[in-house]
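Student: Hey, can we go through this structure together? I'd like to start with the aromatic rings.

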Amino acid sequence: MEKAFGDLPWETNHGHDFNHTLYGPIANRPIAISMETKREGEGQTTGRAQLEIWVAAHFNRLQEIACEEAEELPFLPLLLTQGPVWSLLFAHRQREGQTLVTIIYEKVTLDPLQTVV
């Protein structure tokens, strides 16, 4: 794992990190899921916009690490919570002509109060 980490094409201005942020405590720990929380009934549009910006930046960073010619990147899960309502979204990046486009697949609402027996 250490050898693979050292072999990645790091940029001098971004350092040895996986993520789209230079925030020290998480820069070297790959983000598994981006999550935004809002109070019940507030900020759904703002929360979704924040997730969209984060995932676009995350895809940009993954593209830099993988190399510009990488055709496929993984789907990335996103979680938006508003009080007791948790919404799961998925993001994918695909090429449309010469442009890379980030697509957000609509939410699947999860009910954290539901019990599976």
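Student: How many aromatic pairs does a search of the whole structure find?

Tutor: The search turns up 1 aromatic pair. Rings of Phe, Tyr and Trp (its six-membered ring) pair if their centres lie within 6.5 Å, with planes under 30 degrees apart called stacked, over 60 edge-to-face and the rest tilted. Here Phe75 and Tyr105 are tilted, at 5.8 Å centre to centre and 40° between the planes. Just so you know, this is a predicted model: local features need pLDDT of at least 70, side-chain atom pairs count only at pLDDT 80 or more, and totals for chains, interfaces and linings use all residues. Residues are numbered from 1 along each chain as its sequence is written, and side-chain values use heavy atoms, leaving out hydrogens and water.

Student: New topic: which residues is Ala91 in contact with?

Tutor: Leaving aside neighbours within four places in sequence, Ala91 touches Val55, Phe59, Pro74, Phe75, Leu76, Leu78, Ile103 and Ile104. Contact means heavy atoms within 4.5 Å.

Student: And what's in the largest nonpolar core?

Tutor: That core has 10 residues, including Ala91, Val55, Phe59 and Ile104. A nonpolar core is a set of buried Ala, Val, Leu, Ile, Met, Phe, Trp, Tyr and Cys residues joined through side-chain atoms within 4.5 Å.

Definitions and conventions:
Buried means under 20% relative accessible area, exposed over 50%, partly exposed in between (1.4 Å probe, protein chains only).
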